[in-house]
Every structure is written in structure tokens, then in C-alpha cells.
Amino acid sequence: MNTLMSDIKITKTKTTKIHDVDFDNLNFGRTFSDHMLVCDFKDGKWQSPEIVPYQAIVLDPSAKIFHYGQSVFEGLKAYKDTDDSVWLFRPLENFKRLNISAKRLAMPELPEEIFMDGLKALLKVDSEWIPKKEGSSLYIRPFIFASGNGFHASPADEYKFVIALAPSGAYFSGNVKVLIEETYSRSANGGVGFAKAGGNYAGQFYPTQLAVEKGYQQVIWTDDTNHEYIEEAGAMNIFIRINDTLITGPTSDRILDGITRKSIIDIAKAEGIPVEVRKITVTEVVNAAKDGSLKEMFGAGTAAVVSPISGFGYKGIDYDLPELKETYAAFIKKYITDIQTNKSEDPFGWRVKV
Ligand SMILES: *Cc1c(COP(=O)(O)O)cnc(C)c1O
């Protein structure tokens, strides 16, 4: 054990909630484990992390998170295999991205030991909370926010890093019908779209509500200049299959560097699936839908891994995608979840034992 791990002060709960939880019928992100990790940034540095009973956080009304939205988060999962070993999937990528996000929001970057050792220690304390049922996992939500006070519009001088855990069931999004967005934008050049900044999601809710009112479940984000290029699917990256080629847009200020996305690109390359990382226009997708070469569209992200799209609306016309027996979406989802849950070899070295 290294120094930090043994340094983490642990205060256990006196009353576990675990017996109230129906692990066979878990929802997504609504049930929380017994403990959480908390670490404060003050006096110019990160203090010692602590594991405490899951509890409310008390803040001053002038805390800057409320006014200026300095808040960034991550999402990853822990999996338990049949031997009760616990695994994470590429957690260092989440750690690095948390700091990329924090930096963009003028927030202090977190040391790797606090994230990695803190997470592992928390998972050991709450290991009973990691579901074993097929498709279930423990959703992990690390986040940093401005807890420092004052109405002055400037970066806070105090922050909190928290990791909370939510045992979650299989995430079935169903077949999603999406609307290609022509008015609103999720992100812009020079903006914060590449960061997992809380405010990005607040800005997505209203356009998504409008799409839902029109009978769609999600919005396909397009570029902010002319709404000409396909960029992301809700809060997921997007893949489009034309004939046998899988296409996804290049990451940028506007397209978030998803860990699922880059894993899919590597898997496609290893499995001989032609994959192109390039800009893709709405026109190309509409034309492919018309001539039948559009085979699949799917979102890619940690929560659902892969979320198939059944059709899309654009300029008042609905286009249906074919119902294929064998899809890249299903192949890739199984490929990734088998690695995550230690059911298959891990040729890429993505799996990390806790
Ligand atoms: C989190 C997120 C993704 C997916 O990232 P993963 O690392 O694959 O979970 C994609 N797009 C946006 C906007 C996101 O916030």
C-alpha cells in the first residue's frame, strides 16, 4: 500500500442502507451506496481525502458553484466478475479528462493519487454495492465544484472533489428516434464543449425538451456555424455506418473525447471493420438514408456503451433505419462489455483490477 492509500481517513456508517436495495431491479443513478469520498481544496492545495457516510453537502448561498457554474464531472463504472474480482475500464482516461475539464473552467487540477487511490479505497469500503447481475454495474460519479464563497465573478478559492457511487441496472435505451438539430448548439469553437462541464448539460435540456415534444427522444447536435455537420448524439458520441464503413467525427472544441468512442475506433481497427474519423455532413447521411446505404447510427458513451438509433427527423421528414439482424452496434457492445466484466481477453490492456 502506498502512503496516500493508508492516509485516507475512513469513517464508516453505523446504519447500512444495503438491505433496502433490490439489486435485481436497479434503475440508473438513483440509488446511492453507503459512503463517498470527499477532498477539499483550500489554502492553495488539495487536502487529505476522506471516506465518510453518504450525506448531504452544506454550502453557503454565495458558493460560486451556484452563480458561476464552476463544476466538472466524470462517469465510469466498476464491474464484479464471477469470482468477485472488481474491475475498472480505462480509469486513468477519466482522471486525465477530469483535469482537462477542470483546467478549462479555471479550477485546480487534481493529483492522480487522490483520484485513483481514493477511488480504489472507496470501492473497497463499498464493494458489497457492486452488483453482479448480468448487465448491472456500479456507476461512479467523480466531480469537482466551486465551494468557495463570494458574489464576485471570479474563480473560487475553495473547491470540493467528491466521488459518489450508484449501483445501476442494465441500461436499455430502447430504440431511439432522434432529431437533427437545426437551431440550437451544444458547443462552439473556443467554448467548453470538449469539457464535461455541468453547464453544457443544462444548455442541452431545453432543445431536447422541444425535440421530445415533437416525438423524438434525443437531439443530434450539429456544428454551431451552419448546422451542416453531424457532431454528437445527446450526451454521447455518434457513429454512423454507411455500407460497411463506420464513421465518427474528429474530436475538437465541440466534440467531446469519449472513452467509449476511442475504444470503438480501436476495436474496429483490430477487427477489420473499416472505420473513418472524419467530418460527416447531414446531407451525406440524408442521401445515404434515401439510397439505402445508411445501415446504422448509434450513440456511444459509458452509461449505455452503445445506444442504437432507429430513425431520425430532419427538416420535417422522418427517415427510418433498416432493422438488421447483425449489427455493428450489438457486436461492439458485447465486445466492450466482455472486456469490462472480465469475460474475454483484454488485448488492449484496458481493464484495471481494484
Ligand atoms: C461523457 C460524454 C460522452 C461520452 O464519453 P465516455 O467517456 O465514452 O463516457 C460523449 N459526449 C459527451 C457530450 C459527454 O458528456
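## Exercises: helix packing and the ligand shell

Thr260, Ile264 and Ile267 of α6 meet Ile332, Tyr335 and Ile336 of α8; contact means heavy atoms within 4.5 Å. The model is predicted: local features need pLDDT of at least 70, side-chain atom pairs count only at pLDDT 80 or more, and totals for chains, interfaces and linings use all residues. Residues are numbered from 1 along each chain as its sequence is written, and side-chain values use heavy atoms, without hydrogens and water.

**Exercise 1.** Describe how α6 and α8 cross.

*Solution.* 
- Step 1: Take the axes, lines fitted to C-alpha atoms over the stretch in contact, with angles from 0 to 180 degrees between N-to-C directions.
- Step 2: The axes of α6 and α8 (residues 328-340) come within 11 Å and cross at roughly 105°.
- Step 3: α6 is therefore roughly perpendicular to α8 (the class runs from 65 to 115 degrees).
- Step 4: Sort the contact residues: five are nonpolar, one is polar and none is charged.

**Exercise 2.** Find how far polar side-chain atoms of tyrosine 201 and arginine 97 lie from ligand oxygen atoms.

*Solution.* 
- Step 1: For tyrosine 201, the distance is 2.3 Å.
- Step 2: For arginine 97, it is 2.8 Å.

Technical notes
A polar contact is a pair of N or O atoms within 3.5 Å; within protein, one must be able to donate a hydrogen and the other to accept it, and residues adjacent in sequence count only if both atoms are side-chain atoms. Helices (H or I, at least four residues) and strands (E, at least two) are DSSP runs, numbered from the N terminus. Angles under 35 degrees count as roughly parallel, over 145 as roughly antiparallel, 65 to 115 as roughly perpendicular and the rest as oblique. Ala, Val, Leu, Ile, Met, Phe, Trp, Tyr, Cys and Pro count as nonpolar, Asp, Glu, Lys and Arg as charged, and the others, Gly among them, as polar.
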